[in-house]
2 protein chains.
Amino acid sequence: MTPIVESFVMHFGEMGSRWGFNRTVGQIYALLVVSKKPLSANDIGDSLNISRGNVSMGLKELQSWRLVQTSHIPGDRKDYYGAAGTIWDMANRVLEERRKREMDPTLSLLRNLMLEKANTDGDKYAQSQLSEIHNLLEQIEKWSTELQKLKPETLQTLMKLGNGVSKVLEIGQRRKSN
Amino acid sequence: MTPIVESFVMHFGEMGSRWGFNRTVGQIYALLVVSKKPLSANDIGDSLNISRGNVSMGLKELQSWRLVQTSHIPGDRKDYYGAAGTIWDMANRVLEERRKREMDPTLSLLRNLMLEKANTDGDKYAQSQLSEIHNLLEQIEKWSTELQKLKPETLQTLMKLGNGVSKVLEIGQRRKSN
DNA sequence: TTAAAGTTTCAGTAATTTCTGAAACTTTAA
DNA sequence: TTAAAGTTTCAGAAATTACTGAAACTTTAA
């Protein structure tokens with residue numbers, strides 16, 4: 001690894017835990033992203049100095065995130081791995097996976113708790129708070145799911161619009177009420 | 001704690017690490033959110049069965065996220081803690097803090113690496129990938145910052161619009177080109 | 001069908017993160 | 001000014017999470 005690649009890979013490793021995967025997984029993915037040609041599991045282990053078993057676990061995890069692609073070389077039984085899709089796809093996958101892990105379990109718990117009978121005054125207050133959180137989370141979840149369905153270009157337009165979005169919204173509102 | 005409150009608190013503890021803080025911090029915050037009246041550090045420690053020191057650390061952390069509010073009772077020296085702001089504020093704080101922790105360090109590293117001289121062909125490819133990631137992150141960062149500046153109502157309108165946003169955008173586009 | 005090449009699993013070890021509890025420090029009523 | 005009440009800090013213990021390396025398993029060319 002050249003110094004540039006190495007800093008990038010190490011950084012992704014350190015950030016990994018914040019992004020929802022462990023160090024090794026982050027390093028492997030980073031390495032694949034900056035490698036022009038696909039790498040074998042052994043190549044990866046050698047570059048990163050991690051055990052063969054760990055490489056295998058990491059690749060499995062990345063596959064579950066649909067972030068790697070395998071390819072083959074004729075006459076060679078080895079699997080070769082590369083980063084799947086565009087950077088854009090990557091961001092989508094990460095968001096999606098995080099939604100699943102960070103929001104879905106909470107939404108489901110909140111739904112259950114909202115159905116429980118509140119016996120005390122305290123419980124009534126608690127449930128009202130729970131329901132607020134539930135509504136907010138649900139709205140965010142719905143919205144992010146729908147954003148992901150937009151064509152990347154539309155999303156880019158929207159993002160570039162930034163603050164200006166309120167102006168466009170006003171126009172839309174006006175049209176509606178006319 | 002009633003069973004409802006307890007499940008909620010425990011769940012927030014478990015989710016904590018995914019949301020960027022540790023178990024205790026999650027539990028404390030959850031407890032404050034569902035408590036009508038502010039609680040003293042001792043109340044919190046007793047309810048959650050965690051050490052006094054740990055409560056103090058947790059509250060400090062929550063304060064750095066600007067998620068708690070202190071209040072006082074006349075003739076009582078103790079600090080009393082409650083959840084700060086609305087649920088909406090909470091979501092904003094969490095997003096903001098996570099942006100800081102999850103994106104800013106990476107953006108800054110990428111900027112540096114893009115300035116490095118690429119000596120090899122591999123490095124050139126790596127840098128081109130880095131720059132793609134950089135651009136995407138920067139766009140997301142800018143956008144999310146601007147979204148946060150919108151009035152909650154505007155944001156709600158936008159969220160409710162969901163997929164329909166593309167229609168409104170088209171209208172906006174048309175107006176522009178006319 | 002065999003064996004070489006590759007992949008996966010898993011028990012034990014290492015590293016990291018979190019928590020405790022005691023001690024130090026701070027504040028204020030008397 | 002004192003001491004009681006409250007708060008903070010921090011070194012070490014406990015719990016959690018990640019990693020290694022060896023062994024088991026799978027695949028396929030010959």
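Which residue is the bridge partner of B:Thr70 in β3(B)? The first legend gives the answer, and the views that follow cover a predicted model.

Figure 1. The bridge partner of B:Thr70 in β3(B) is B:Tyr81. This pair belongs to the contact between β2(B) and strand β3 (residues 80-83) of chain B, which run antiparallel and are joined by 4 bridges. The sheet is open, has 3 strands in the order β1-β3-β2, and pairs in the antiparallel sense. Because β1 (39-40) and β2 (68-71) of chain B each have a single partner strand, they stand at the edges, and one side of each is left without a neighbour in the sheet. Strands of a sheet pair through backbone hydrogen bonds, in either a parallel or an antiparallel manner.

**Figure 2. Strand β3 of chain A and its two partners.** Strand β1 (residues 39-40) of chain A is joined to β3(A) by 2 bridges, and the two run antiparallel. Strand β2 (residues 68-71) of chain A also pairs with β3(A) in the antiparallel sense, here over 4 bridges. Strand β3 (residues 80-83) of chain A has a covered face made of A:Tyr81 and A:Ala83, whereas A:Tyr80 and A:Gly82 form the uncovered one.

**Figure 3. The loop residue A:Thr86.** A:Thr86 is found between β3 and α5 (87-115) of chain A, in the loop that links them. Is A:Thr86 buried or exposed? With 12 other C-beta atoms within 10 Å, A:Thr86 is exposed, since a residue counts as exposed if 12 or fewer such atoms lie within that distance. A:Leu67 is 19 residues from A:Thr86 in sequence, and their C-alpha atoms are 9.7 Å apart in space.

**Figure 4. The fold of chain A.** Chain A contains 8 helices and 3 strands, which follow the pattern α-α-β-α-α-β-β-α-α-α-α along the sequence. Its radius of gyration is 22 Å, well over the 16 Å that the globule rule gives for 178 residues, so chain A is more spread out than a compact globule. The C-alpha trace of chain A spans about 65 × 50 × 30 Å along its principal axes. Of the 178 residues in chain A, 24% are buried. Among contacts in chain A with a separation of 6 or more, 44% join residues 24 or more positions apart.

**Figure 5. The contact between chains A and B.** On chain B, 53 residues are in contact with 53 residues of chain A. The helices of chain B that each supply at least two residues to the side touching chain A are α1 (3-19), α2, α5 (87-115), α6 (121-149), α7 (152-161) and α8 (165-177). The largest share of this side, 15 residues, comes from α6(B). By class, the side of chain B that touches chain A divides into 27 nonpolar, 15 polar and 11 charged residues. The copies meet through the same surface, because 100% of the interface residues of chain B are also interface residues in chain A.

**Figure 6. The rotation that relates the two chains.** Chain B is superposed on chain A by a rotation of 180° with 0.0 Å of shift along its axis, at an RMSD of 0.0 Å. The two copies are therefore related as by a two-fold rotation axis. Which residue of chain B comes closest to the rotation axis? Among the residues of chain B it is B:Val168, whose C-alpha atom lies at 3.5 Å from the axis.

**Figure 7. The protein surface near DNA strand C.** DNA strand C is surrounded by 18 residues, and the closest are A:Gly53, A:Asp79, B:Thr24, B:Gly53 and B:Asn54. At least two residues of this surface come from each of α4 (52-64) of chain A, α2 (23-34) of chain B and α4 (52-64) of chain B. The most, 4 residues, are given by α4(A). The surface has 3 nonpolar, 8 polar and 7 charged residues.

**Figure 8. The protein surface near DNA strand D.** Of the 21 residues around DNA strand D, the nearest are A:Asn22, A:Ser51, A:Gly53, A:Asn54 and B:Gly53. Helices α2 (23-34) and α4 of chain A and α4 of chain B each supply at least two residues of this surface. Here α4(B) gives the most, with 5 residues. By class, the residues near DNA strand D divide into 3 nonpolar, 10 polar and 8 charged.

Technical notes
Residues numbered from 1 in each chain as written. Chains lettered and ligands numbered in written order. Predicted model: local features only at pLDDT ≥ 70, side-chain atom pairs only at ≥ 80, totals over all residues. Near = placed C-beta within 6 Å. Nonpolar A, V, L, I, M, F, W, Y, C, P; charged D, E, K, R; others polar. Contact = placed C-beta atoms within 7 Å. Buried ≥ 20, exposed ≤ 12 C-beta atoms within 10 Å, placed from the backbone. Pairing = 2+ DSSP bridges. Least-squares fit on C-alpha atoms with pLDDT ≥ 70 in both. Rg over C-alpha atoms; globule rule 2.2 N^0.38 Å.
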